[in-house]
Amino acid sequence: MKRFTVMAAGFIFAALFAVSASAQTGAQSAAGQKIAVINTAAFDDAKDGIKKYTTALSALENEMKPLSTEIDGLVARYNTLGSDIKRLQDQAAKGGAGSVPIDTTAAQKKVEEYQALELTIKRKQEDGKRKVELRQPQILGPVLQDIGKAMDEFAKQKGLSMILDISKDQTGLILTIDAAKVDITREFITFYNARPSGTASTAVPQ
């Protein structure tokens with residue numbers, strides 16, 4: 001199911017973690033700012049991640065599973081046909097006396113089915129992508145919004161001016177500091193999982 005949920009990584013936490021705690025005033029100097037880093041990629045860990053988030057991901061995965069299974073079956077058939085067609089092509093290329101004659105009618109049917117399957121697989125993959133794009137914000141949205149609120153609350157409690165998402169650092173700039181000393185990932189996950197279960201709804205709207 002990762003093929004369906006991987007697209008979530010691009011936008012899920014994009015706007016959540018440039019957190020500015022209201023307790024921090026503009027009068028503070030840059031040197032007085034307290035900054036931490038977090039690895040949001042750890043949130044979807046089935047064992048040690050954010051429980052409400054992993055539950056929502058599982059709900060999305062289960063909803064997409066029938067289509068995923070159907071596509072897997074079509075791809076398996078497509079690959080089998082491809083191998084059969086390649087074998088027939090090799091057989092035809094050898095030719096000569098004593099070679100086994102090819103049933104051209106059956107071979108043509110395989111080619112036609114192969115071509116039709118290619119179009120069907122492509123269409124179903126596109127349908128699946130559109131469905132994920134529709135359902136992902138519906139299923140994950142409430143939890144993600146709640147995580148954002150919790151992050152702001154956490155930042156205020158800890159006196160943090162900013163929390164940087166280390167999983168999104170493509171420049172390596174965050175690594176120029178000792179991230180281990182300011183990494184709040186595990187602390188925040190524990191903080192969030194301890195919140196009341198009703199904080200964010202995990203209902204799946206239809």
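**View 1. Asp 72 in helix α2 of the predicted model.** Asp 72 is a residue of helix α2, where helices (H or I, at least four residues) and strands (E, at least two) are DSSP runs, numbered from the N terminus. With a relative accessible area of 38%, Asp 72 is partly exposed, the category in between buried (under 20% relative accessible area) and exposed (over 50%), with a 1.4 Å probe and protein chains only. Asp 72 and Ile 121 are separated by 49 residues in sequence, and their C-alpha atoms are 9.2 Å apart in space.

View 2. Arg 135 is located in helix α3 and counts as buried, at 5% relative accessibility. Its side chain makes a polar contact with the side chain of Glu 63 at 2.6 Å, and the Arg 135 side chain makes another with that of Gln 138 at 2.4 Å; a polar contact is a pair of N or O atoms within 3.5 Å, and within protein one must be able to donate a hydrogen and the other to accept it, while residues adjacent in sequence count only if both atoms are side-chain atoms.

**View 3. The buried face of helix α5.** In helix α5 (residues 185–193), the buried residues are Thr 185, Phe 188, Ile 189, Phe 191 and Tyr 192. Seen down the axis of α5, these residues fall within an arc of 160°, so they line one face of the helix, the arc being that of the directions from the helix axis to the C-beta atoms. The elements covering them include β1 (35–38), α2 (51–94) and α3 (104–158).

**Notes.** Residues are numbered from 1 along each chain as its sequence is written, and side-chain values use heavy atoms, with hydrogens and water left out. The model is predicted: local features need pLDDT of at least 70 and side-chain atom pairs count only at pLDDT 80 or more, whereas totals for chains, interfaces and linings use all residues.

How values were computed. Contact means heavy atoms within 4.5 Å.
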